[in-house]
Amino acid sequence: MSININQISKSFGDTQVLNQISLDIPSGEMVALLGPSGSGKTTLLRIIAGLENQNSGEILFHGRDVSQVHARDRQVGFVFQHYALFRHMNVFDNIAFGLTVMPRKSRPSKAVIREKVMKLLEMVQLKEFAKRYPAQLSGGQKQRVALARALAVEPAILLLDEPFGALDAQVRKELRRWLRQLHDELKFTSVFVTHDQEEAMDVADHIVVMSQGNIEQHGTPQQVWQKPESRFVLEFLGEIN
Ligand code: ADP
């Protein structure tokens, strides 16, 4: 599902956090919102998610103004940095959750839910962990469950806010490969917030570099890397390299 962001502005009190942001994301693409802390990435993601209201501008999913679409019908999945797994539910039930709370007429049967969850467990290679509880999992495993849970309802759009931010470098790398693989296989559209340029370069089709509520550059990893369009982008990329 395509996402069109048109002239989105947002302020909190006197602070302008997003300044007329426009961005078009074609269906099936993975876009990374990259920028330093405080640049407005999370706020933009939350507005796309419908968790926050903009002051002006509009967001269209597949050409349709999302403010007109009930949250339940938006086909959006989320993964956040701090695993919001249900502690009292095992891995299987965590992943099944979104399916079991669907409205009765669209809710799959128990057998179908079981089949779906087992397939997802296989995809994230956690089949033998189905009966474990979140407290018995590593950070990386928890995020794989979070990913599987978000994907269980077959979202057309997956929104991720620093999903691997709390994990160590090796696990991060592994998980972003997973994410990319699942993305390519299931063909959803992803918006991925990160402050880590290596992560953005490695995983995204397009990178949107943000600074102080503005888009500094939007391009492929190669374009952003080889032709930084502003001093900010050059310096931001240069910080690590
Ligand atoms: P990023 O994700 O790039 O770190 P955020 O979107 O979280 O940036 O924040 C952008 C700015 O908006 C920051 O200055 C932050 O303090 C401010 N901000 C974010 N959420 C709120 C809020 N609920 N109330 C007031 N200020 C906020």
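These legends describe close-up views of a predicted model.

View 1

**View 1. Strand 9 and strand 10.** Strand 9 (residues 206-211) pairs with strand 10 in the antiparallel sense, over 5 bridges. Within this pair, Ile207 has Gly219 of strand 10 as its bridge partner.

**View 2**

**View 3. The hairpin of strand 4 and strand 5.** Strand 4 (residues 56-61) and strand 5 run antiparallel and are joined by 2 bridges. Leu60 stands opposite Asp65 in strand 5. The hairpin has 2 residues between its strands, and His62 takes a positive phi near 50°.

**View 4. The shell around the ligand.** Which residues surround the ligand? They are Phe12, Val17, Gly35, Ser37, Gly38, Ser39, Gly40, Lys41, Thr42 and Thr43. Helix 1 (residues 41-49) gives the most to this shell, with 3 residues. By class, the shell divides into 2 nonpolar, 7 polar and 1 charged.

**View 5. Helix 2 against helix 3.** Helix 2 (residues 91-100) packs with helix 3 (residues 110-123) at an angle of about 130°, and their axes are 10 Å apart. That angle makes helix 2 oblique to helix 3. The crossing of the two helices is right-handed. On the side of helix 2, the contact is made by Phe92, Ile95, Ala96, Leu99 and Thr100. On the side of helix 3, it is made by Ile113, Lys116, Val117, Leu120 and Leu121. The residues of this contact divide into 8 nonpolar, 1 polar and 1 charged.

**View 6. Helix 3 against helix 4.** The axes of helix 3 and helix 4 come within 10 Å and cross at roughly 140°. The two helices are therefore oblique to each other. Is the crossing of helix 3 and helix 4 right-handed or left-handed? The crossing is right-handed. Helix 3 brings Lys116, Val117, Leu120, Leu121 and Met123 to the contact, where they meet Ala148, Leu151 and Ala152 in helix 4. By class, this contact has 7 nonpolar, no polar and 1 charged residues. Lys116, Val117, Leu120 and Leu121 of helix 3 are among the residues that also take part in the contact with helix 2.

**View 7. Helix 4 against helix 5.** Helix 4 and helix 5 (residues 169-186) pack at an angle of about 15°, with axes 10 Å apart. Helix 4 and helix 5 are therefore roughly parallel to each other. Helix 4 passes helix 5 in a right-handed crossing. From helix 4, the contact includes Gly139, Gly140, Gln143, Arg144, Leu147 and Leu151. From helix 5, these residues meet Val171, Glu174, Leu175, Trp178, Leu179, Leu182 and Leu186. The contact of helix 4 with helix 5 has 8 nonpolar, 3 polar and 2 charged residues. Leu151 of helix 4 is named here and also in the contact with helix 3.

How values were computed. Residues are numbered from 1 along each chain as its sequence is written. This is a predicted model: local features need pLDDT of at least 70, side-chain atom pairs count only at pLDDT 80 or more; totals for chains, interfaces and linings use all residues. Axes are lines fitted to C-alpha atoms, for helices over the stretch in contact, and angles run from 0 to 180 degrees between N-to-C directions. Helices (H or I, at least four residues) and strands (E, at least two) are DSSP runs, numbered from the N terminus. Angles under 35 degrees count as roughly parallel, over 145 as roughly antiparallel, 65 to 115 as roughly perpendicular and the rest as oblique. A crossing is left-handed if the near helix is turned anticlockwise from the far one by less than a right angle, and right-handed if clockwise. Two residues are in contact if their C-beta atoms, placed from the backbone, lie within 7 Å. Ala, Val, Leu, Ile, Met, Phe, Trp, Tyr, Cys and Pro count as nonpolar, Asp, Glu, Lys and Arg as charged, and the others, Gly among them, as polar. Two strands pair if DSSP finds at least two bridges between them. A residue is near a molecule or strand if its C-beta atom, placed from the backbone, lies within 6 Å of it.
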